Amino acid sequence: KDAIVGGSGAIYLMAKLPVQDDFRVVDWLSSKHGVCVIPGSACGAPGMIRLAYANLETKACLEASARLKAGLLELKQRRVA
């Protein structure tokens, strides 16, 4: 519950992480999976990430979401970050 917040009428959403160190996850997602997100702590929501999707072409959005999904699944399964 409350794993995803926002999205309706916004250009971003917040996603809850399976770990608390959101800054470390952001760094890991960027370096390992090529995904750039904002740590939730920077937005007053520790343990979450902020995903912006404004002005993305459909192809780029699909590619980014596939990389993000792969990264989050790896994080959840292995707690690698």
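This is a predicted model: local features need pLDDT of at least 70, side-chain atom pairs count only at pLDDT 80 or more; totals for chains, interfaces and linings use all residues.
Biologist: Let's start with the strands. How many bridges join S2 to S4?

Modeller: S2 covers residues 12–16 and S4 covers residues 48–52. The two run antiparallel. As for the bridges joining S2 to S4, the count is five.

Biologist: And S3, in which sense does that strand pair with S4?

Modeller: S3 is residues 38–39, and two bridges link S3 with S4. Pro39 has its bridge partner in S4, namely Ile49. The sense of the S3 and S4 pairing is antiparallel.

Biologist: Now the cysteines. How many disulfides does the count come to?

Modeller: The cut-off here is sulfur atoms within 2.5 Å. Cys36 is in no disulfide, since the nearest cysteine sulfur, in Cys43, is 12 Å away. For Cys61 the closest cysteine sulfur is in Cys36, and 14 Å is too far for a bond. The count of disulfides comes to zero.

Biologist: Is Cys36 buried or exposed, and what is its relative accessible area?

Modeller: Exposed means over 50% relative accessible area. Cys36 is over that cut-off and counts as exposed. Cys61, for its part, is partly exposed at 30%. The value for Cys36 is 75%.

Biologist: On to the helices. At what angle do H1 and H2 pack?

Modeller: H1 spans residues 22–33 and H2 spans residues 58–78, with axes 10 Å apart. The angle makes H1 oblique to H2. The crossing is right-handed. The packing angle is about 125°.

Biologist: Which residues of H1 meet H2?

Modeller: On the H2 side the residues are Arg67, Leu68, Ala70, Gly71, Leu72, Glu74 and Leu75. On the H1 side they are Val25, Trp28, Leu29, Lys32 and His33.

Biologist: What about Gly47, what is the C-alpha separation from Ala15?

Modeller: Gly47 is in the loop between S3 and S4, and is buried with a relative accessible area of 2%. Not counting residues up to four places away in sequence, Gly47 touches Ala15, Lys16, Leu17, Val19, Gln20, Asp22 and Ser41. Gly47 and Ala15 are 32 residues apart along the chain, yet their C-alpha atoms are separated by 8.7 Å.

Biologist: And Ala42, how far apart in space are Ala42 and Asp22, C-alpha to C-alpha?

Modeller: Ala42 is also found in the loop between S3 and S4. At 55% relative accessibility, Ala42 counts as exposed. In sequence, Ala42 and Asp22 are 20 residues apart, and C-alpha to C-alpha the distance is 9.4 Å.

Biologist: Where is Asn55 found, and what is its phi near?

Modeller: Asn55 is found in the loop between S4 and H2. At 81% relative accessibility, Asn55 counts as exposed. Phi is positive in this residue other than glycine, with a value near 60°.

Biologist: What separates the C-alpha atoms of Asp27 and Glu63?

Modeller: Asp27 lies in helix H1. With a relative accessible area of 54%, Asp27 is exposed. Asp27 and Glu63 are 36 residues apart along the chain, and their C-alpha atoms are separated by 19 Å.

Biologist: Last one, Ala3. Which residues is Ala3 in contact with, leaving aside neighbours within four places in sequence?

Modeller: Ala3 is in the segment before strand S1, and is partly exposed at 39% relative accessible area. Leu75 is 72 residues away from Ala3 in sequence and 15 Å away in space, C-alpha to C-alpha. The contacts of Ala3 are Met14, Ala15, Lys16 and Met48.

Key:
Residues are numbered from 1 along each chain as its sequence is written. Side-chain values use heavy atoms; hydrogens and water are left out. Two strands pair if DSSP finds at least two bridges between them. Helices (H or I, at least four residues) and strands (E, at least two) are DSSP runs, numbered from the N terminus. Buried means under 20% relative accessible area, exposed over 50%, partly exposed in between (1.4 Å probe, protein chains only). Axes are lines fitted to C-alpha atoms, for helices over the stretch in contact, and angles run from 0 to 180 degrees between N-to-C directions. Angles under 35 degrees count as roughly parallel, over 145 as roughly antiparallel, 65 to 115 as roughly perpendicular and the rest as oblique. A crossing is left-handed if the near helix is turned anticlockwise from the far one by less than a right angle, and right-handed if clockwise. Contact means heavy atoms within 4.5 Å.
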